[in-house]
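My notebook is open and I am about to look through a structure. Here is what I looked up, one entry at a time.

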Amino acid sequence: MILELVLVTAAGICLALAAVSDVRSFRIPNRYPALLILLFLGTRLLWGFSINDWWHLLHFAIALSLGMLLFKLGWVGGGDAKLYAAAALWFSGTSAALLIFATGMAGLVLAIVYLLRRKLRRSDDPAQKKERRIPYGLAIAIGALVVGASLGPARLVGQQAPASSIIRFEDMTG
């Protein structure tokens with residue numbers, strides 16, 4: 001249990017550091033996505049691989065493929081694509097929609113804040129007024145942290161929740 005929390009906390013710190021780097025310099029060094037992948041693999045080495053890990057790998061592969069396509073089209077940065085794919089590895093296919101939604105909502109709020117900030121900025125520098133980049137690594141980190149916190153560390157590392165904590169439909173209907 002303690003080691004599980006250490007690995008999940010390290011992944012959270014890694015996401016936070018990637019977000020800070022993106023906000024400061026619009027760059028996400030490769031070490032952050034690589035570390036997220038290694039931490040995920042560490043959880044699997046400690047607790048073993050299961051058949052459900054294929055969903056994690058599929059989520060990762062789809063996220064990386066789509067991210068690289070969006071990068072090629074110039075819609076996202078390469079660091080953003082790699083960070084999202086590495087974060088996606090931690091979430092099964094059933095959690096993919098939650099991660100996409102949370103990241104999208106965080107990205108929407110971030111885009112609004114950046115648009116307002118640029119609108120209110122009083123600068124005669126045309127380069128600053130045309131700046132369109134948004135540090136989307138921040139939205140990815142927020143989305144992954146929110147969904148990860150809502151799922152809990154046991155679900156992130158693939159451990160089954162205790163039967164007493166599972167809510168069944170029959171229990172709610174009487």
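**Leu138.** I started with contacts (heavy atoms within 4.5 Å). Leaving aside neighbours within four places in sequence, I found Leu138 touching Ala19, Asp22, Val23 and Leu110. I also looked up Ala16: its C-alpha atom is 7.8 Å from that of Leu138, although the two residues are 122 apart along the chain. Leu138 sits in helix H7, residues 136-151; helices here are DSSP runs of H or I, at least four residues long, numbered from the N terminus. With 24% relative accessibility, Leu138 counts as partly exposed. The scale I used: buried is under 20% relative accessible area, exposed is over 50%, and partly exposed is in between (1.4 Å probe, protein chains only).

**Ground rules.** This is a predicted model, where local features need pLDDT of at least 70 and side-chain atom pairs count only at pLDDT 80 or more, while totals for chains, interfaces and linings use all residues. Residues are numbered from 1 along each chain as its sequence is written, and side-chain values use heavy atoms, leaving out hydrogens and water.

**Confidence.** I checked pLDDT, the predictor's confidence in each residue from 0 to 100. The chain averages 85, and 82% of the residues score at least 70. Helix H4 (residues 78-88) has the highest mean, 97, and helix H9 (residues 169-173) the lowest, 44. Over residues 160-174 the pLDDT is below 50, and this stretch has three contacts in the model beyond near neighbours in sequence.

**His59.** Is His59 buried or exposed? It is buried, with a relative accessible area of 8%. I placed His59 in helix H3, residues 53-72. Not counting residues up to four places away in sequence, His59 touches Tyr84, Ala88, Phe91, Ser92, Ala96 and Leu99.

**Leu69.** Helix H3 also holds Leu69. Leu69 is partly exposed, at 45% relative accessible area.

**Salt bridge.** How many salt bridges did I find? The count comes to one, using the rule that a side-chain nitrogen of Lys or Arg must be within 4 Å of a carboxyl oxygen of Asp or Glu. The partners are Arg44 and Asp53, with their closest N and O atoms 2.8 Å apart. My reminder: side chains of opposite charge can pair when their charged atoms come close.

Terms used. Helix = DSSP H or I, 4+ residues; strand = E, 2+ residues; numbered from the N terminus.
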